[in-house]
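Let's get to know this one together, one question at a time. Have a look first, then read on.

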Amino acid sequence: ERGMTKILFPTDFSPGSADAMRVAVRMAREAKAKIVVAHAWQIPALAYGSEPFSMAPALMQTMSDDAKHARAGVVDELKRQGLEATGNMSTGVSWSRLAEIADADPEIQLIVMGTHGRTGFKRVVLGSVAEKVVRHAPCSVLVSRGGDAKPFTDVLVPVDFSVSSQVAVDRAARLV
């Protein structure tokens, strides 16, 4: 298998994303890989209230402008750190758009993303973007729960003895 050339780093600009960015930066440096900063968003139907079309265009434009500015700030910060970074922003269901971005670029061999770590009712209602990306992405996904970005020393790899499990064990061994 050839070396990693691109890492997709999805961000929602939360503290969890900032933690995951440190991991993505470390891994990109080690692999001499490029980072693609991605942000995908949508306005939930509940936000429209009783007047679904009156404020939607203005709200969407404001959110789009804010997200573009924030994403550009992340890309600029990565460039200041000496990394090659580009941005990708889109609208739609976040997990689906992120999987599509990875699928459209065969050089993306890893997605490094954070998680909010919601449990219980909040997770049922809000879903887990990270979980859905793991299930639908065409490449490996590393989900960071926060903390520092030290090199990996211990890795848990659940297996079911399938071919996919062997691939996961091999990739985990290379990471360590």
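Q: Which loop holds Phe 161?
A: This is a predicted model, where local features need pLDDT of at least 70, side-chain atom pairs count only at pLDDT 80 or more, and totals for chains, interfaces and linings use all residues. Residues are numbered from 1 along each chain as its sequence is written, and side-chain values use heavy atoms, leaving out hydrogens and water. Helices (H or I, at least four residues) and strands (E, at least two) are DSSP runs, numbered from the N terminus. Going by those, Phe 161 sits in the loop between β5 (140-144) and α6 (163-175).

Q: Is Phe 161 buried or exposed?
A: Buried means under 20% relative accessible area, exposed over 50%, and partly exposed in between (1.4 Å probe, protein chains only). Phe 161 has a relative accessible area of 77%, so the label is exposed.

Q: What is the phi of Phe 161?
A: Phe 161 isn't a glycine, yet its phi is positive. The value is about 70°.

Q: Where is Phe 13, and what is its phi?
A: Phe 13 belongs to the loop between β1 (6-10) and α1 (15-31). Its relative accessibility is 32%, so Phe 13 counts as partly exposed. Here too we have a residue other than glycine with a positive phi, near 65°.

Q: What separates the C-alpha atoms of Ala 31 and Thr 5?
A: Ala 31 lies in helix α1 and, with 29% relative accessibility, counts as partly exposed. Along the chain, Ala 31 and Thr 5 are 26 residues apart. Their C-alpha atoms, though, are separated by 7.3 Å.

Q: Which strands stand at the edges of the sheet?
A: Two strands pair if DSSP finds at least two bridges between them. The open sheet has five strands with parallel pairing, in the order β3-β2-β1-β4-β5. Two of these have a single partner strand each, so one side of each is left without a neighbour in the sheet: β3 (85-91) and β5.

Q: What angle does the direction of helix α5 make with that of β4?
A: Contact means heavy atoms within 4.5 Å. Axes are lines fitted to C-alpha atoms, for helices over the stretch in contact, and angles run from 0 to 180 degrees between N-to-C directions. Helix α5 (residues 129-136) packs on the sheet and touches β4 and β5. Its direction makes an angle with that of β4 of about 165°.
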